[in-house]
Amino acid sequence: MSDQGNGQSIALGDGRRLGFAEYGDLDGLPVFHFHGSAGSRLDRPGRAETLQEAGVRFISVERPGHGLSDFLPKRRLVDWPADVSQLADWLRLDNFYVEGHSAGGPYALACARYLPDGSGRSHWYQALLQ
């Protein structure tokens, strides 16, 4: 897959758009990446070929108000896991990891905290902090 899907977005249930990009192996281990303050969906570790070789499907997601993602008034950190859950459904992912860099770290932790308890889904999550 390399880095050809770097300008994608989906419509969320409330009508907002959520921007993301995919890098690496489409059939690989899915990892949602949450960028730092000045980052975007274009963030990825090193060369896309490295992700392909490692068997990782790296999905870099933009928070509300960043890049292709629409602003969410009065947004709270605990609102983020629902957006990620909708993206996982749209991508047809049953299982995935989450990780956040810098300011994205709390978003990874929010997913690790809120998705398993409140979702009633069979997903597994793991927060990987850099």
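## Contacts of phenylalanine 32

Which residues does phenylalanine 32 touch, not counting residues up to four places away in sequence? In this predicted model, the residues in contact with phenylalanine 32 are Ile59, Val61, Val84, Leu87, Ala88, Leu91, Leu93, Phe96, Tyr97, Val98 and Glu99. Phenylalanine 32 has a relative accessible area of 0% and is therefore buried.

## The nonpolar cores

Phe32 is also one of the residues with the most contacts inside the largest nonpolar core, which has 20 residues, and the others named for this are Phe34, Ile59, Val61, Trp80, Leu87 and Phe96. Two or more residues of this core come from each of the elements β2 (17-24), β3 (29-34), β4 (56-61), α2 and α3 (105-118). Apart from it lies another core, made of 7 residues, including Tyr23, Val31, Val56 and Phe58. In soluble globular proteins, nonpolar side chains tend to be buried together.

## Helix α2

Helix α2 covers residues 80-90, and its buried residues are Trp80, Pro81, Asp83, Val84, Ser85, Leu87 and Ala88. Just after α2 comes arginine 92, which takes a positive phi of about 60°.

## Aromatic pairs

Across the whole structure, a search finds 4 aromatic pairs. In one of these, phenylalanine 20 and tryptophan 90 have ring centres 5.9 Å apart and planes at 70°, so the pair is edge-to-face. This pair links distant parts of the chain, with phenylalanine 20 in strand β2 and tryptophan 90 in helix α2, 70 residues apart. Phenylalanine 20 counts as buried because its relative accessibility is 0%, whereas tryptophan 90, with a relative accessible area of 48%, is partly exposed.

Phenylalanine 32 and phenylalanine 96 form an edge-to-face pair as well, with 4.7 Å from centre to centre and 90° between the planes. Because phenylalanine 32 lies in strand β3 and phenylalanine 96 in the loop between α2 and β5 (97-100), the pair ties together parts that are 64 residues apart in sequence. Elsewhere, ring pairs link Phe34, Trp80 and Tyr107 into a cluster.

## Arginines over rings

Tyrosine 107, a member of that cluster, has arginine 63 lying over its face, at 4.6 Å from the ring centre. Tyrosine 114 has arginine 113 over the face of its ring, at 4.8 Å from the ring centre.

Technical notes:
Residues numbered from 1 in each chain as written. Predicted model: local features only at pLDDT ≥ 70, side-chain atom pairs only at ≥ 80, totals over all residues. Heavy atoms only, no water. Buried < 20%, exposed > 50% of the residue type's maximum accessible area, 1.4 Å probe, protein only. Helix = DSSP H or I, 4+ residues; strand = E, 2+ residues; numbered from the N terminus. Core = buried A, V, L, I, M, F, W, Y, C linked by side-chain atoms within 4.5 Å. Contact = heavy atoms within 4.5 Å. Phe/Tyr/Trp six-rings, centres within 6.5 Å; stacked < 30°, edge-to-face > 60°. Lys NZ or Arg CZ within 6 Å of the ring centre and 35° of its normal.
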